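Thanks for coming. I will take one structure today and go through how its parts sit together.

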Amino acid sequence: MTLLKLKNFAKAEMDATSALKICPSHSKSLHRRSVARLSLGKIRGALLDAIYQQVEEMALKQADATDDALKNVEVLKSKCEHALAAAVKRAPRRNVKITVV
């Protein structure tokens, strides 16, 4: 979390990835890596982490997850989706000529 506040997103992503190697379903590590990836412009990876975190939180909801945790995941997922849509709009358009052989 400190690395995210210091805006050292590359190191934060590496630390979260290391934590996820130990415990792949750790919700906080998924969230931190998703935030770091979103800040680094790795939108698809951030979205995948947010979706995976949402699935984990929903599985835990049957046990003990709070509604606030699910809301945080939804907000992060929404940010990722908006960033992805904006990236698609900014992407250069190319005309590719296709010839049939």
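**Helix packing and salt bridges**

I start with Ser-29, which is found in helix α3; helices here are DSSP runs of H or I with at least four residues, strands are runs of E with at least two, and both are numbered from the N terminus. Before going further: this is a predicted model, where local features need pLDDT of at least 70, side-chain atom pairs count only at pLDDT 80 or more, and totals for chains, interfaces and linings use all residues. Residues are numbered from 1 along each chain as its sequence is written, and side-chain values use heavy atoms, with hydrogens and water left out.

Is Ser-29 buried or exposed? Ser-29 is buried, because its relative accessible area is 6%; buried means under 20%, exposed over 50%, and partly exposed in between, with a 1.4 Å probe and protein chains only. Setting aside neighbours within four places in sequence, Ser-29 is in contact with Ala-16, Ala-19 and Leu-20, contact meaning heavy atoms within 4.5 Å.

Now the whole chain. Of its 101 residues, 29% count as buried. Among contacts with a separation of 6 or more, 48% are between residues 24 or more positions apart.

Next, the pair α2 and α3. Helix α2 covers residues 9–22 and helix α3 residues 27–40; they pack at an angle of about 150°, with axes 8 Å apart. The axes are lines fitted to C-alpha atoms, for helices over the stretch in contact, and angles run from 0 to 180 degrees between N-to-C directions. That angle makes α2 roughly antiparallel to α3; the cut-offs are under 35 degrees for roughly parallel, over 145 for roughly antiparallel, 65 to 115 for roughly perpendicular, and oblique for the rest.

Which residues meet there? On the α2 side they include Phe-9, Ala-12, Glu-13 and Ala-16, and on the α3 side they include Ser-29, Arg-33, Ala-36 and Arg-37. The residues of this contact divide into 9 nonpolar, 3 polar and 4 charged. Here Ala, Val, Leu, Ile, Met, Phe, Trp, Tyr, Cys and Pro count as nonpolar, Asp, Glu, Lys and Arg as charged, and the others, Gly among them, as polar.

On to the charges. Side chains of opposite charge can pair when their charged atoms come close. The whole structure holds 5 salt bridges, each being a side-chain nitrogen of Lys or Arg within 4 Å of a carboxyl oxygen of Asp or Glu. One of them joins Glu-13 and Arg-37, with the closest N and O atoms 3.0 Å apart. Glu-13 lies in α2 and Arg-37 in α3, so this pair ties together parts 24 residues apart in sequence. Both Glu-13 and Arg-37 are buried.

Asp-49 takes part in a salt bridge with Arg-33, at 2.8 Å from N to O. Asp-49 is in helix α4, residues 43–61, and Arg-33 in α3, so the pair ties together parts 16 residues apart in sequence. Asp-49 and Arg-33 are buried. Asp-49 also meets Arg-37 in a salt bridge, at 3.2 Å. Glu-13, Arg-33, Arg-37, Lys-42 and Asp-49 are linked in a network of salt bridges.

Last, Leu-76, in helix α5, residues 67–90. Leu-76 is buried, with a relative accessible area of 5%. Beyond its neighbours within four places in sequence, its contacts include His-31, Val-35, Leu-38 and Ala-50.
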